[in-house]
Amino acid sequence: MNPVPPNQNNTGASSPATPNTGGAAGPSPTFSPLYQQIKALITQSLQSGEWKPGELIPSEVELAGRYKVSQGTVRKAIDELAAENLVSRKQGKGTFVATHHEERAHYRFLRLMPDEGVPHYPESKFIEVKRLRAPADVARLLDLKSGDSVVYIKRVQSFDGMPTIVEELWLPGLIFKGLTAERLNEYKGPMYGLFESEFGTRMIRAAEKIRAVCAEEGDAALLKVAAGTPLLCAERVSFTYGDKPVELRRGLYLTERHHYQNDLS
């Protein structure tokens, strides 16, 4: 890893640019604060797999020496990474690469909470798993070419034996080569944990659209409700490092006993 370029200082901001004294004035260069440059370098190491999910990363002192910046600059960079759930701090132990296998991570993307009782992860029943060519709308959202290979998954998720969610997922076929119905059925943890540990793909953020719909006959049958029952429909695109889309998920939620919760700050 190369150190921070020499025209930067340790105060958290880049040194001013040398004025352009000749020729026509061009666009002003854009500089990012030094801690954001350090954040980008640490993120590169996470993306390259230098530090694996769940592993301890070097201390702030070690990282400050590595990048030739102050410990305060490193701390500010790690603060942002922790706020974005890329790393997690553990009191007295250090800073670790965040992983979808952590208990608290299970509910980061699952926002359907029970009206009563303690939140818990649903049971999954896979209805269909197959490889197909990406429809145009799916290809667009996953930044693929129309007709590229994708893995299509349809499943029903149940809470306490009651079907509550019908989901359809599309995954880039090249990244998820080898993902089969058998592997999904035998894996007992959260799906994102499987994606992380076996396919080297970690979901770090998602963009979601939510609307109200009426249940069509096929989905109503899976949810054991009457056709026309009001449902919450969520379309989510999940991204990995580099803002690369790696999953399209469309879910239908029955909200008779659950609600969608999102904490705003």
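Predicted model: local features only at pLDDT ≥ 70, side-chain atom pairs only at ≥ 80, totals over all residues.
The largest nonpolar core holds 20 residues, and Ile38, Ile42, Trp51, Leu63 and Tyr67 are the ones with the most contacts inside it. Helices H1, H2 (60-67) and H3 are the elements that each hand over two or more residues to this core. H1 is the top contributor, giving 5 residues. There is also a second, separate core, made of 16 residues, and Phe126, Leu171, Met191 and Phe195 are among them.

Which residues of H2 are buried? They are Glu60, Leu63, Ala64 and Tyr67. These four sit on the same side of H2, because they cover an arc of only 105° around the axis. On the face turned away from the buried side of H2, Val61 and Glu62 are exposed. As for neighbours, the buried residues of H2 pack against H1, H3 and E1.

Next up is strand E6, which covers residues 162-172. Most of E6 is tucked away, with 9 of its 11 residues buried. E6 has strand partners, too. Strand E5 (residues 149-159) pairs with E6 in the antiparallel sense, over 10 bridges, and in this pairing Arg155 stands opposite Glu167 in E6. The hairpin of E5 and E6 has 2 residues between the strands, and Asp160 takes a positive phi there, near 55°. E6 also pairs with strand E9 (residues 244-253), again in the antiparallel sense, this time over 6 bridges. Here Glu168 is the residue that stands opposite Arg250 in E9.

How many salt bridges does a search of the whole structure find? The count comes to 19. One of them joins Glu84 and Lys39, with N and O 2.7 Å apart. This pair ties together distant parts of the chain, 45 residues apart: Glu84 lies in the loop between helix H3 (71-83) and strand E1 (87-90), while Lys39 belongs to helix H1 (residues 34-48). Is each partner buried or exposed, or something in between? Glu84 is partly exposed, at 35% relative accessibility, whereas Lys39 is buried, at 14%.

Another salt bridge brings Glu196 and Arg202 together at 3.4 Å, N to O. Glu196 counts as buried because its relative accessible area is 8%, under the 20% cut-off. Arg202 is buried as well, with a value of 6%.

A further salt bridge is formed by Glu247 and Arg249, whose closest N and O atoms are 2.6 Å apart. Glu247 is buried, with a relative accessibility of 0%, and Arg249 is buried too, at 7%. Elsewhere, salt bridges that share partners link up Glu60, Arg75, Asp79 and Arg89 into one network. Glu60 has already come up above, as one of the buried residues of H2.

Key
Residues numbered from 1 in each chain as written. Heavy atoms only, no water. Salt bridge = Lys/Arg side-chain N within 4 Å of Asp/Glu carboxyl O. Buried < 20%, exposed > 50% of the residue type's maximum accessible area, 1.4 Å probe, protein only. Core = buried A, V, L, I, M, F, W, Y, C linked by side-chain atoms within 4.5 Å. Pairing = 2+ DSSP bridges. Arc of directions from axis to C-beta. Contact = heavy atoms within 4.5 Å.
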